[in-house]
Amino acid sequence: MDNSKEITRVLFENFQPQAIHLFYAIGYLAIAVFIYGVYVQIRKYRRGKPDGSWTELFKRFVEMVKTMATHRTLVRRDKSAGRAHGLIFLGFVLLFIGTATITLEYDILEPLFGIKFWYGNFYLLFSLVLDLAGLGLIVGLIYMMYRRKWLHLPKLDYKRVDRQEGDPDFDRSQYRREDWAFLWSFILIGITGFILEATRLVWLNDRPAVWDYRMWSPVGALLAHIMQALGMTSESAGAFRPYLWWFHGLLSLTFIACIPYTKIKHIFTAAASLMFKDPLAGRRLPKVPDDQKTAGYKTITDLTWKNLLHLDACTKCGRCQEACPANAVGAPLSPRDVILSLREFANHALSAKELPKEAELDIHGKDVGQVFMETLWSCRTCLACVEICPVAVEHVPIIVQMRRNLVEAGEMEPLLEKTLQTIHKTGNSFGESKRKRANWTKELPFEIKDARAEPVDVLWFVGDYASFDPRNQKVTQSFAKLMHHAGVNFGLLFESELNAGNDVRRVGEEGLYELLASSNIGTLQACDFASIVTTDPHSFNTIRNEYPDFGGKFEIEHYTTLVKRLIETGQVKLKKKLDYRVTFHDPCHLGRYNKGFDAPREVIKLLGCELVEMGRNRDNSFCCGAGGGRIWIPDPVGIEKPSANRMKEAGQIEGLQVFVVSCPKDLTMFEDALKTSGFEGQFVVRELIELIDECIEYEVWEDSAVTA
Amino acid sequence: MKILVAVKQVAALDEDFEIRADEKDVDEDFLLYDLNEWDDFSLEEAMKIKEAGTTEVEVVVVSVGPDRVDESLRKCLAKGADRAIRVWDDSIEGSDAIAIGRILAAIAKKEAPDMIFAGVQSSDQAYASTGISTAAYLNWPHAAVVADLQYQPGNKSAVVRRELEGGLLQEVEINCPAVLTIQLGINKPRYASLRGIKQAAAKPIEEVTLADIGLSGSDVGVGNSMSHVRRMYIPAKGRAEMIEGTIAEQAAKLIQIMNEFKGV
Ligand code: SF4
Ligand code: SF4
């Protein structure tokens with residue numbers, strides 16, 4: 001290496017002063033166009049409602065940097081694309097820093113203070129790094145082109161499921177054109193950059209300060225040798241260089257100017273979206289402020305700035321759509337299309353200087369950019385979309401907010417409407433009398449404590465399905481026996497328990513949710529207990545994540561963690577081992593919602609079962625179809641149910657004996673689905689509690705307890 | 001232009017209910033109250049006229065009943081009714097449908113509506129006569145079991161289709177003001193969201209006493225009704241048995257039962 005000032009890159013050598021001025025003028029113009037575009041975008045976001053995500057900015061920033069640096073969200077379930085993006089990202093960042101460094105010296109430090117640093121060793125290292133960055137960029141882009149052109153990935157197909165051919169916004173070919181324009185212009189910038197570098201080397205091959213150090217830009221040097229071999233001389237290179245230089249420069253400036261107007265803006269919007277990510281998105285839905293007249297989103301300006309930002313962050317990668325159970329069975333819903341529709345709507349309505357009239361801001365309906373009510377009602381709030389989105393788009397809160405508006409307008413399935421009225425009247429979705437809530441306890445050989453009347457350690461919040469559904473009552477009784485025999489001091493709320501409200505809230509009936517939640521919270525607060533247990537993941541989620549917003553802060557766990565502890569501490573003794581070959585279905589509200597992936601699996605293993613995972617497991621578990629109130633809405637005939645889709649998946653497992661669930665709704669959904677799946681008789685659907693039950697010999701215990 | 005909608009809070013039986021000690025009604029502990037189903041439809045019909053928006057229409061709901069009825073009135077307000085009136089006096093307890101009609105007619109005289117809608121019947125008592133007796137006390141025309149209504153606010157008459165037995169419809173032109181009793185299915189009642197109901201709590205419910213409408217305790221109550229409840233009870237269940245098996249087995253079983261019955 002050599003630290004002489006000679007060793008650097010020529011910038012404007014041989015350029016006429018006018019040419020340099022022209023270049024700067026164009027550069028400033030590009031920056032002006034860029035800044036105006038940014039201004040328009042920010043003005044758009046500011047037209048949204050406020051959002052309280054401005055807290056802990058530093059922590060958020062660090063998280064964002066971590067996510068971007070590791071690309072952890074991008075490599076999930078698509079390693080190659082994630083890595084290719086990593087190369088492009090790294091290349092871009094380094095090249096950007098490189099260009100910024102040159103500007104810093106050439107346009108600021110040197111003219112103002114006479115400071116120079118971009119020479120010698122630093123320059124050489126700089127050259128090498130940037131060459132490799134450029135190479136990475138091009139390799140990444142080539143893979144992306146290959147992927148788009150030849151892999152035929154369904155998630156990259158923009159065909160809409162919510163629109164018919166002929167509808168004005170059915171056609172999404174514009175997106176495809178934009179994708180390709182982006183890829184081509186980007187790769188051309190990279191390629192011309194290298195050719196330019198090679199041309200410079202050939203042109204200046206008689207300058208030792210340049211030529212002798214060419215291997216510090218290996219790609220450029222390689223190209224230079226090839227060009228020489230093809231007969232390029234120093235003169236022809238010198239003559240060719242200005243054209244190439246202008247082409248490369250103008251293309252780059254155009255690229256910069258286009259950032260705020262095209263998909264390139266995801267560089268900024270995705271970063272910002274990640275920064276404002278809500279770790280509880282969908283798990284804890286937003287409250288409706290007391291003074292707000294209407295609930296939910298009716299117009300585009302009802303969205304918060306953060307929602308609007310999320311819309312712009314979407315890169316159309318299609319991972320959400322790929323994960324969506326509604327989409328998988330052909331429902332007219334693609335979470336990506338909801339986001340894109342609203343984005344198109346926002347861009348159209350909120351980018352002008354003046355806001356259009358209120359009526360033109362309505363996001364519900366059948367027009368361009370509006371979201372169909374059928375689309376919104378198809379969602380099962382399973383959170384698969386939110387969970388996989390690499391740029392932290394939060395679909396579910398938007399969908400539920402829009403449903404809230406539909407509920408206020410009464411635009412829902414009659415059956416759902418009836419159910420909501422029933423829940424309001426009786427406090428449960430079965431329309432049963434409150435008095436019957438604890439009827440399942442009557443068949444037990446022991447009494448369960450009334451937690452309202454005496455202190456208990458564990459308060460068992462049973463939930464509607466586990467209380468009223470006859471099939472689930474059996475499981476509920478087994479769990480009661482288990483707790484009783486483990487010597488847990490537990491009690492119930494009996495008829496004071498109401499539907500926990502998780503699904504009511506996800507339907508969008510916020511008023512009813514508030515009623516149920518505040519009633520339950522009041523009841524719970526009047527009781528003396530240490531923690532809550534439930535077998536129902538839905539109740540678990542809302543009590544854990546949402547009740548605190550209404551003043552109800554309780555310790556709560558799902559039964560799987562409690563049982564695991566009881567077995568491990570020996571309070572529950574397993575008298576025999578099972579040798580079943582089983583698979584486990586993660587309930588959305590236990591798994592994806594609350595990361596309760598491990599406890600049920602560990603219990604299954606403690607029981608001695610052989611656990612074989614389905615393809616879609618843990619965070620990628622496939623919703624049974626019951627979530628988001630869909631259990632109260634009949635599924636359309638003629639299309640596959642998500643639960644049937646899941647049965648097919650389980651059926652692929654060689655020698656499967658038991659399909660294990662740990663959620664009352666799952667038990668109902670999958671036992672139903674099994675009947676028509678063609679696998680009936682091959683394997684059975686069982687609640688984990690039932691398997692545990694098989695391993696406990698209660699009578700023996702009781703006898704020994706008596707004699708002891 | 002004003003439409004008066006007479007509504008009722010009805011009682012539904014909870015599981016395993018018990019009869020009151022005086023055997024005249026079910027023990028209140030076992031009753032669940034809600035707005036009468038028919039009234040959802042009559043209110044909706046009034047709201048449709050209001051929202052058609054040709055003239056200013058005021059929709060006033062009225063109910064006769066104690067405090068608990070406010071909850072149902074609030075539901076009506078949440079659905080868009082402009083005002084609610086609740087008439088009560090302890091002496092009203094035990095009034096039959098005709099006496100209630102007397103009260104409603106007195107309200108109507110005070111409010112002077114252009115139309116009165118009521119449900120065909122209430123789901124708990126099913127007399128189907130409150131609306132009609134109101135018309136009688138007002139000396140207004142009435143149409144019962146209305147399944148379709150064509151009415152422009154301000155018009156001298158309305159055209160209604162009445163549902164008759166055997167799927168027949170009868171189209172009737174009726175002079176206004178009139179009392180119409182509205183049948184289920186005439187429209188699709190809107191959903192009252194819970195937030196709406198909560199917000200309707202801010203709208204006042206006008207409490208009216210008998211004296212306010214020129215009546216007194218001697219016009220209402222059990223004593224001043226033309227009918228009264230003597231007893232409410234659950235009839236002893238008749239016995240029924242499903243006979244299964246082959247024809248021959250069934251016949252043998254039948255003979256056996258008949259013999260037992262005859263005491264052979
Ligand atoms: S929550 Fe589930 S069903 Fe709803 S859009 Fe997302 S992936 Fe689809
Ligand atoms: S919302 Fe997220 S996951 Fe869905 S297409 Fe956009 S970027 Fe991809």
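Student: Which elements of chain A each supply at least two residues of the lining of the largest cavity?
Tutor: They are α19 (464-468), α21 (502-507) and α23 (537-546) of chain A. Keep in mind that this is a predicted model.

Student: What volume does that largest cavity have?
Tutor: The volume of the largest cavity is about 140 Å³. Among the 14 residues lining the largest cavity, those closest to its centre are N499(A), D536(A), H538(A), S539(A) and K665(A).

Student: And how does the lining split by class?
Tutor: The largest cavity is lined by 7 polar, 4 charged and 3 nonpolar residues.

Student: How many cavities of 30 Å³ or more does the structure hold?
Tutor: There are 6.

Student: New topic. Which residues surround ligand 1?
Tutor: The residues around ligand 1 include C324(A), C379(A), C382(A) and C385(A), and also R380(A) and T381(A). By class, the shell around ligand 1 has 10 nonpolar residues, 1 polar and 1 charged.

Student: What about ligand 2, what surrounds that?
Tutor: Among the residues around ligand 2 are C314(A), K316(A), C317(A), C320(A), C389(A) and H395(A). The shell around ligand 2 divides into 7 nonpolar, 3 polar and 2 charged residues.

Student: Where is K316(A) found?
Tutor: K316(A) sits in the loop between α11 (305-313) and α12 (319-323) of chain A. Its phi is near 65°, a positive value in a residue other than glycine.

Student: Is K316(A) buried or exposed, and why?
Tutor: K316(A) counts as buried because its relative accessible area is 1%, and the cut-off for buried is under 20%.

Student: What is the phi of A126(B)?
Tutor: A126(B) has a positive phi of about 60°, although this residue is not a glycine. A126(B) lies in the loop between β6 (115-119) and α4 (130-138) of chain B. With 41% relative accessibility, A126(B) is partly exposed.

Student: Which peptide bond is cis?
Tutor: One is the bond from C176(B) to P177(B), with omega near 0°. P177(B) belongs to the loop between β9 (169-175) and β10 (178-182) of chain B.

Student: Back to chain A. How many helices and strands does chain A have?
Tutor: Chain A has 29 helices and 9 strands. Of its 708 residues, 56% are buried.

Student: What domains does the assignment give for chain A?
Tutor: It gives domain 1 (55-157 + 174-273), domain 2 (289-408) and domain 3 (417-704). The C-alpha centres of domain 1 and domain 3 of chain A are 53 Å apart.

Student: What box do the C-alpha atoms of chain A fill?
Tutor: Along the principal axes, the box is roughly 105 × 60 × 50 Å.

Student: Which strand is L611(A) in, and what is in contact with L611(A)?
Tutor: L611(A) is in strand β7 (residues 610-611) of chain A. Setting aside neighbours within four places in sequence, L611(A) is in contact with V582(A), T583(A), F584(A), R601(A), I604(A) and K605(A). L611(A) has 19% relative accessibility, so it counts as buried.

Student: Last one: what does S531(A) touch?
Tutor: Not counting residues up to four places away in sequence, S531(A) touches D457(A), V458(A), L459(A) and E555(A). S531(A) lies in strand β4 (residues 531-534) of chain A, and at 17% relative accessibility S531(A) is buried.

Note on methods
Residues numbered from 1 in each chain as written. Chains lettered and ligands numbered in written order. Predicted model: local features only at pLDDT ≥ 70, side-chain atom pairs only at ≥ 80, totals over all residues. Heavy atoms only, no water. 1 Å grid on protein atoms, 1.4 Å probe; cavity = no way out; pocket = protein on both sides within 12 Å on 5 of 7 lines; lining within 4 Å. Points joined across faces, edges and corners; volume = space filled by probe spheres on them. Helix = DSSP H or I, 4+ residues; strand = E, 2+ residues; numbered from the N terminus. Nonpolar A, V, L, I, M, F, W, Y, C, P; charged D, E, K, R; others polar. Near = heavy atom within 4 Å. Domains from an automatic or database assignment. Buried < 20%, exposed > 50% of the residue type's maximum accessible area, 1.4 Å probe, protein only. Contact = heavy atoms within 4.5 Å.
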